[in-house]
Amino acid sequence: MTTQPHTRRALLGAGAALALARKAAAAPESLAFAREPAQGMLVTGRTAPGTRLALDGRNVRVSPAGDFAFGFGRDAGPQASLHITHPDGRAETRSLAIHKREWRTQRINGLPERMVTPPDEVMARIRAEQERLNATRRVDTPEAWFAEGFLWPVHGPISGVYGSQRILNGQPRAPHLGLDIAAPTGSTVVAPATARVALVGDLYFTGNTVILDHGHGVATFHAHLSRVDVREGDHLPRGTPFGAVGATGRVTGPHLHLGLFWFSTSLDIQPLLSAE
Ligand SMILES: [Zn+2]
């Protein structure tokens, strides 16, 4: 099966088409990844329209143009199995090696104790919020907006990275599964890629929170906002302002906690952010 270079060029622009052409030259296959599988990584790519994919037995949506995305969690590996059914009906299974990564340890002290170990009376609230988040993370939207790539929603120093083991007030807690970008309260936050607003809420841990759905289960998570200017269901072209940095929820200072999801799997957005 041949690919369709004219369609690709029209959709992706010259730079991306060139990158794809280089990729195609290196690996003359009908399925190309934009980056190699690794722990915490969103793997996007292009294949021939009409191809069907399944990762470890789970169907992966392929857009009419051939775009697809899947992800590997922080502790994934060492291998995954990708089943490919080509448009001509030929089927094959490829074993993907998942590159292992090292994670840091981050100690944060001076947090209010109720934020480290929530009091019993808020447990019902936290459970209800978790249910809402889980439901949002099951949505599989047909648009492939993630294929545009991701802008920085706000610029600032990195104050926390994905994957780090967290020790809060001396107590080991779940790993940090997002990127913290420090910026003053009120700094404008923009949509990193075209999106539908999937969730707006004031949540116990993450304060004013927005989830943007970029299609195929790929979503970005924006937490601790001081202000939210959009509503669920709104359509946001790439780069549209939708809120402002703040210090709501469990924080020690104003910053944007930026998460990346592939359905229920939390991924590392930092390697995907554009240079600008
Ligand atoms: Zn964070």
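Student: By class, how many nonpolar, polar and charged residues does the lining of the largest cavity have?

Tutor: This is a predicted model, in which local features need pLDDT of at least 70 and side-chain atom pairs count only at pLDDT 80 or more, while totals for chains, interfaces and linings use all residues. Residues are numbered from 1 along each chain as its sequence is written, and side-chain values use heavy atoms, leaving out hydrogens and water. With Ala, Val, Leu, Ile, Met, Phe, Trp, Tyr, Cys and Pro counted as nonpolar, Asp, Glu, Lys and Arg as charged, and the others, Gly among them, as polar, the lining of the largest cavity has four nonpolar, two polar and three charged residues.

Student: Which elements give two or more residues to the lining of the largest cavity?

Tutor: The structure holds one cavity of 30 Å³ or more, where a cavity is a set of points on a 1 Å grid over the protein atoms alone at which a 1.4 Å probe fits but cannot get out, and lining residues have an atom within 4 Å of a point. About 80 Å³ of space lies in the largest cavity, and Thr136, Arg137, Val139, Arg196, Ala198, Ile211, Asp213, Gly217 and Ala219 line it. The elements that give two or more residues to this lining are β14 (195–203) and β15 (207–213).

Student: Which residues lie closest to the centre of the largest pocket?

Tutor: A pocket is an open set of points with protein on both sides within 12 Å along at least five of seven lines, and the largest pocket holds about 950 Å³ of space. Its lining divides into 16 nonpolar, 13 polar and six charged residues. Of the 35 residues that line the largest pocket, those closest to its centre are His176, Phe205, Thr206, Arg250 and His257.

Student: Which residues are the protein donors of the zinc ion?

Tutor: Donors are N, O and S atoms within 2.8 Å of the metal (3.2 Å for Na, K and Ca), and here they lie 2.0 to 2.1 Å from the zinc ion. Along the sequence, the donor residues follow the spacing H-x3-D-x76-H. The protein donors are His176 (NE2), Asp180 (OD) and His257 (ND1).

Student: Is Asp67 buried or exposed?

Tutor: Asp67 is found in strand β5 (residues 67–71), strands being DSSP runs (E, at least two residues), as helices are (H or I, at least four). Leaving out residues up to four places away in sequence, Asp67 touches Gly45, Arg46, Arg61, Val62, Ala144, Phe146, Ala147 and His216, contact meaning heavy atoms within 4.5 Å. Its relative accessibility is 8%, and therefore Asp67 counts as buried.

Student: What distance separates the C-alpha atoms of Ala76 and Ile98?

Tutor: Ala76 is found in the loop between β5 and β6 (79–85), and it is buried, with a relative accessible area of 19%. Apart from neighbours within four places in sequence, Ala76 is in contact with Gln39 and Ile98. Although Ala76 and Ile98 are 22 residues apart along the chain, their C-alpha atoms are separated by 7.3 Å.

Definitions and conventions. Points joined across faces, edges and corners; volume = space filled by probe spheres on them. Buried < 20%, exposed > 50% of the residue type's maximum accessible area, 1.4 Å probe, protein only.
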